[in-house]
Every structure is written in C-alpha cells, then in structure tokens.
Amino acid sequence: MITKKVTQRVAKGPLDKPVVLIAEELSPATLEALGPDFEVRNCNGADRAELLAALGKGVDAVLIRSATKMDAEAIAAAKGLKVIARAGVGLDNVEIPAATAAGVMVVNAPTSNIVSAAELAIGLLLASARFISPAHAALRNGKWARSKYTGAELFEKTLGIVGFGRIGQLVAARMQAFGMDVVAYDPYLQPARAAQLNVRLVELDELLKISDFITIHLPKTKETANLIGVDALKKVKPTVRIINAARGGVLDEAALYDALKEGRVGGAGLDVFSTEPCTDSPLFELDNVVATPHLGASTDEAQERAGIAVAVSVRKALSGELVPDAVNVKGGAIDEAVRPALPLVEKLAQVATVLAGEQLVSIDVEVRGEIAALDVSVLSSSALKGALIAMGAEDVTYVNAPNLAVERGLTSAITTDGDSPDHRNLVSVRAVCADGTQASVSGTLMGIRQVEKIVAIDKLDLDLKPTNNLLFLRYLDVPGVVGVVGNALGKLKINIADMQVARTDIGGSALMALTVDSVIPNQILDVIAKETGAAMVRYVNLVSE
C-alpha cells in the first residue's frame with residue numbers, strides 16, 4: 001500500500017509584491033498593463049552605477065529599452081532576478097547566455113514595431129528616390145534647385161528585399177501598391193509563402209543584379225555581418241538605391257561610401273549604423289544619402305505596443321507561465337497550435353510523477369497527431385517543469401527547469417509520430433524512477449474550446465478533466481471498492497465531481513480516478529488504502545504556477 005499527497009504552494013501575501021524595475025522611460029500604458037500587483041521602482045539604466053545599485057536592492061524583473069546594458073555583471077548584481085524584458089525587438093544590449101545560466105528569462109516585443117520599421121524603410125526609400133532631404137535643405141538655405149534634384153519613379157521598378165520576414169513582407173505589400181515588382185532573398189523562407197504574397201524568391205546575386213531598389217531586413221549575425229559589402233556592391237546597378245533600416249553592420253558602410261563616391265550606387269537611406277550613436281560619418285556629407293538616428297521604432301504607437309507587450313510578458317513570467325516571446329527558452333518561438341498543449345503537458349507530468357514515485361530519473365514526452373509536424377521541443381521543458389513541481393522544487397520556471405533537472409539527475413526526451421488513430425493530437429508523458437517503476441499518462445485537447453482531458457493512464461482508458469484535486473487508486477477488481485471510497489469521502493463532506501473506473505478484465509487490475517471539490521487529508525488516504533486493500537492510493541493537488 002502506497003499513499004502520497006502533493007500539496008499546493010501558499011500564495012505570497014500583499015506585502016510580498018514582486019518588484020519591477022523600470023530602467024528607461026516607457027509609455028504610461030506599460031504601467032497600466034502591469035497593474036497593481038507589483039512594486040514598481042525606477043532608475044536611469046544608462047547610468048551604470050545607478051543601475052547596479054538599483055539591481056542590488058532586489059528586483060524580480062527589469063524593463064529596459066536600448067540604453068540599458070544587462071550584461072553578466074548587471075545580471076550577477078540582481079540576485080533573485082527572474083526576467084529581463086526589452087521593450088522592443090533588438091537584444092544587443094542583453095547578454096543572453098549569462099541570463100540563461102542564471103535562470104533569468106529574457107523577453108522582447110518582436111512584433112511591436114514591425115509596422116513602424118516598415119513604414120520608415122519606405123520613407124527612406126521615397127526620400128532617396130526623390131532627394132527629399134537635400135532638396136529640403138537647399139530650400140531652407142534659399143536655393144530653388146529643381147534641376148539638381150531630379151529623382152526616379154518607383155512605378156514598374158524592381159524592389160529587392162534582403163530578408164523576407166515580417167517587416168520585409170509588410171514592405172513588399174505596401175510597395176506593390178506603388179506598382180513595383182518585388183523579389184526577395186531569404187534562405188529560410190518557403191517559396192510557397194513568397195508565392196502567396198506575389199513575390200519571387202531569388203538568390204542574393206540575382207537580387208543584386210536586377211534590383212532598382214534594395215531594402216535590408218535582416219538581423220546582424222556572424223553570417224549576415226557585412227553581407228552587403230565590397231563584393232556585393234560590385235554586382236548592383238549604378239542607379240540602385242539601398243535602404244537599411246534593420247541593423248547596422250549588415251551593410252558595410254565604408255564599402256557603401258566608396259561605391260557612392262565612385263558612382264557605382266545611386267543613393268542610400270540609412271537608419272542604423274555599425275556603431276551607435278553615430279554623428280560623424282563621411283556618408284552624411286553626400287547629397288545622395290538620407291539618414292536618420294535609428295528611428296525605426298520611434299513612434300508613439302510602437303512604443304505603446306512594446307510597453308504593453310513586455311508588461312504582459314513580465315506578468316506571465318513572474319507567475320511561472322511560459323512566455324511565447326521568451327528568447328532563451330528551449331524551443332524558441334512557439335507555434336500557435338502547440339501553445340495550448342503546454343499547460344496540459346505540465347499537468348500530465350505532475351500526475352505521472354506522483355503515480356510513478358519519488359526517485360524520478362526521466363520524464364519523457366511522446367507527441368502524436370497533427371502537431372507532431374511542428375516544433376514541439378518546448379513540451380520537454382513543460383514536462384520537466386511539471387515533474388519538478390511534483391517533486392517539491394520551489395520557484396520552477398521554463399527557464400530554470402532544465403538546469404534544476406540536471407541538478408537532480410532528471411532527463412527528458414521527446415518523440416513525435418504523425419499517426420494518432422483515436423485523437424487529432426495525443427500527448428503522453430512517461431515518468432520513470434530509479435528502481436524501474438514507471439507511469440504513463442496520456443492527454444488531449446478536445447473540441448473548439450480545447451478542453452483538457454486525461455484519456456489514459458498506463459494504457460487504461462479514461463475521460464477525466466485534470467482539475468485541482470485528483471485521487472487515484474490501483475486495486476484488485478472486486479465489489480465494494482467504489483462504495484468504500486465514496487463513504488470515506490462523504491463522511492468528510494468531500495464532494496466527488498467525477499469518478500472513472502478502468503480495468504484490464506473482470507477481476508483483474510483496476511484503476512479508479514476521481515476529481516473532487518476540496519483537498520483530501522492524509523488520514524483519509526490511509527483509511528481508503530486500508531479498507532480497500534488498494535496497492536496504491538495517490539492524491540494529486542495540481543499546482544499551476
């Protein structure tokens with residue numbers, strides 16, 4: 001006879017509000033989105049000494065933009081830090097490996113400024129095509145220089161987009177309205193997606209040769225650094241205009257300057273530079289260059305969206321939920337079809353861990369059905385998180401779960417199979433103990449509302465909602481067991497919401513699963529075990545963090 005109980009954590013009191021440090025100016029909507037559940041502090045993140053002092057006073061989250069540098073030193077100074085939230089897209093000022101090693105989730109707002117960035121790129125393109133900046137400057141200096149600034153139309157010209165992600169696709173849609181023929185280079189994009197947008201995917205060399213305008217929309221990585229450099233600029237039309245409102249360093253500024261001076265490039269529009277702030281560049285001396293000081297995200301709308309997005313992410317991160325935009329959680333960006341399975345897997349793992357026993361060594365996940373074709377690797381972290389919670393670990397998050405698992409000698413693997421005969425999608429979690437004891441719990445999401453269901457335990461079929469209070473019994477299939485369990489719970493006025501019984505055969509091994517409306521005391525578990533002769537009695541109080 002084995003009994004076990006997993007109890008839920010005690011919530012923090014009102015005096016234990018998580019501390020959120022806002023290190024740069026953010027929109028008022030950010031504070032509104034955070035709500036009243038946090039203690040908010042402020043500091044000047046650009047002042048290193050002030051930042052380190054503020055971090056050293058104990059904070060749970062820090063919200064930054066581009067001026068605050070969260071490197072290893074800053075992260076080490078912030079004992080107990082759980083999340084770094086960047087109100088924007090770029091994360092050049094966050095040392096992600098140091099954050100990950102410290103178990104700190106890093107989140108950003110990847111879609112907050114995509115419209116603003118696309119519109120600025122288009123603005124620079126138009127300004128370059130029509131010499132708007134130098135013509136404006138000449139007019140302000142009293143010169144009516146119409147003939148000097150004869151530009152070029154966009155109509156029926158070819159626009160080459162280098163990097164066809166979300167921003168590149170927005171630019172394409174808008175420039176097609178100008179009557180432009182759009183081609184794109186992106187080695188990671190499926191041709192079918194480009195075809196849907198009426199855009200032709202080409203190799204970079206072809207794009208360079210045929211484009212009248214080129215706009216760059218790539219992150220700066222080892223692979224993309226100086227991608228548009230000396231060699232690339234030898235392949236373009238001499239009339240081409242090149243726009244970079246993505247990341248400095250993707251376009252080689254020295255090579256661009258030489259090409260512009262020698263007449264091998266017709267013009268350029270720049271919002272980003274290899275070193276910022278940049279106020280002294282030879283490019284600024286050229287009439288055929290229009291430049292702005294990294295204004296891609298500098299609209300009221302983008303700043304508000306970014307602030308709200310990271311505030312929501314902070315709320316989720318500090319409650320232990322997975323943040324889909326977290327950049328240092330295994331699995332990366334999470335497909336919309338996979339997200340509903342995360343809490344289900346966490347619950348299945350808690351149940352499997354309790355049923356298997358104390359000395360867990362592995363918690364493996366099998367995914368079957370339609371979502372098996374997607375990236376489901378994050379479900380491994382979800383299973384680890386659930387198992388660790390059931391094992392009594394404190395403050396488990398999706399970031400620190402893998403490290404905590406390593407410390408406990410707990411491993412996790414994930415397998416996929418597109419075949420799922422009985423369910424559209426089926427996820428099974430198998431917990432294995434050091435002595436070979438194991439338990440397998442399978443679940444699915446049913447219907448339009450994606451209702452969570454436990455559908456099998458160790459191949460015995462069930463149809464059970466994973467509610468907060470669950471009771472499981474393994475026993476020999478004999479008459480009277482159901483009555484004993486109902487009577488024992490009834491004496492304490494513990495209401496049974498649902499009861500399921502599955503068995504191998506008449507008189508064989510049986511499994512009883514119950515959902516009840518309140519916590520079951522330990523002494524009742526002992527009574528039930530004694531009076532039913534059950535080989536196992538397990539109570540699970542599911543914890544949602």
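1. Contact here means heavy atoms within 4.5 Å. The model is predicted.

2. Overall make-up. The chain has 545 residues, and 51% of them are buried. Its secondary structure comes to 17 helices and 23 strands. The C-alpha trace spans about 100 × 55 × 35 Å along its principal axes. Take the contacts with a separation of 6 or more. Of these, 63% are between residues 24 or more positions apart.

3. The open sheet. Which strands form it, and in what order? There are 7 strands, and the order is S9-S8-S7-S10-S11-S12-S13. The pairing is parallel. Strand S9 (200-201) and strand S13 (289-291) are at the edges. Each has a single partner strand, so one side of each is left without a neighbour in the sheet.

4. S8 and S9 are joined by 2 bridges and run parallel. Val 183 has Arg 200 in S9 as its bridge partner.

5. Helices on the sheet. Helix H7 (residues 166-176) packs on the sheet and touches S7, S8 and strand S10 (213-216). The direction of H7 makes about 170 degrees with that of S7. Helix H11 (residues 253-261) lies across strand S11 (241-244), strand S12 (267-270) and S13. H11 runs at about 150 degrees to S12.

6. Strand S7. Is S7 (residues 158-162) mostly covered or mostly open? It is mostly covered, with 5 of its 5 residues buried. In a regular strand, side chains alternate between the two faces of the sheet. Thr 158, Gly 160 and Val 162 lie on one side of S7, with Leu 159 and Ile 161 on the other. All of these are buried, and both faces of S7 are covered. S7 is joined to strand S8 (residues 181-185) by 5 bridges, and the two run parallel. Opposite Ile 161 stands Ala 184 in S8.

7. Helix pair H13 and H14. Helix H13 (residues 341-356) and helix H14 (residues 378-390) pack with their axes 7 Å apart, at an angle of about 40 degrees. That angle makes H13 oblique to H14. The crossing of H13 and H14 is right-handed. On the H13 side, the residues are Ala 341, Leu 342, Val 345, Glu 346, Ala 349, Gln 350, Thr 353 and Val 354. They meet Val 378, Leu 379, Ser 382, Ala 383, Lys 385, Gly 386, Ala 387, Ile 389 and Ala 390 in H14. The contact of H13 with H14 divides into 11 nonpolar, 4 polar and 2 charged residues.

8. Helix pair H16 and H17. The axes of helix H16 (residues 481-491) and helix H17 (residues 522-532) come within 10 Å. They cross at roughly 155 degrees. An angle over 145 degrees counts as roughly antiparallel, and H16 and H17 are therefore roughly antiparallel to each other. The crossing of H16 and H17 is right-handed. H16 brings Val 481, Val 484, Val 485, Ala 488 and Leu 489 to the contact. H17 brings Ile 524, Ile 528, Glu 531 and Thr 532. The residues of the contact of H16 with H17 divide into 7 nonpolar, 1 polar and 1 charged.

9. Gln 438. This residue is in strand S17 (residues 438-446). Gln 438 counts as partly exposed because its relative accessibility is 42%. Leaving aside neighbours within four places in sequence, Gln 438 is in contact with Ala 356, Arg 430, Ala 431, Val 432 and Asp 458. Gln 438 and Ile 363 are 75 residues apart in sequence, and 9.6 Å apart in space, C-alpha to C-alpha.

10. Arg 408. Where is Arg 408 found? It is in the loop between helix H15 (401-407) and strand S15 (414-417). With a relative accessible area of 40%, Arg 408 is partly exposed. What is Arg 408 in contact with, leaving aside its neighbours within four places in sequence? The residues are Leu 388, Met 391, Gly 392 and Ala 393. Arg 408 and Leu 360 are 48 residues apart along the chain, and their C-alpha atoms are separated by 8.8 Å.

Technical notes:
Residues are numbered from 1 along each chain as its sequence is written. This is a predicted model: local features need pLDDT of at least 70, side-chain atom pairs count only at pLDDT 80 or more; totals for chains, interfaces and linings use all residues. Side-chain values use heavy atoms; hydrogens and water are left out. Axes are lines fitted to C-alpha atoms, for helices over the stretch in contact, and angles run from 0 to 180 degrees between N-to-C directions. Helices (H or I, at least four residues) and strands (E, at least two) are DSSP runs, numbered from the N terminus. Angles under 35 degrees count as roughly parallel, over 145 as roughly antiparallel, 65 to 115 as roughly perpendicular and the rest as oblique. A crossing is left-handed if the near helix is turned anticlockwise from the far one by less than a right angle, and right-handed if clockwise. Ala, Val, Leu, Ile, Met, Phe, Trp, Tyr, Cys and Pro count as nonpolar, Asp, Glu, Lys and Arg as charged, and the others, Gly among them, as polar. Buried means under 20% relative accessible area, exposed over 50%, partly exposed in between (1.4 Å probe, protein chains only). Two strands pair if DSSP finds at least two bridges between them.
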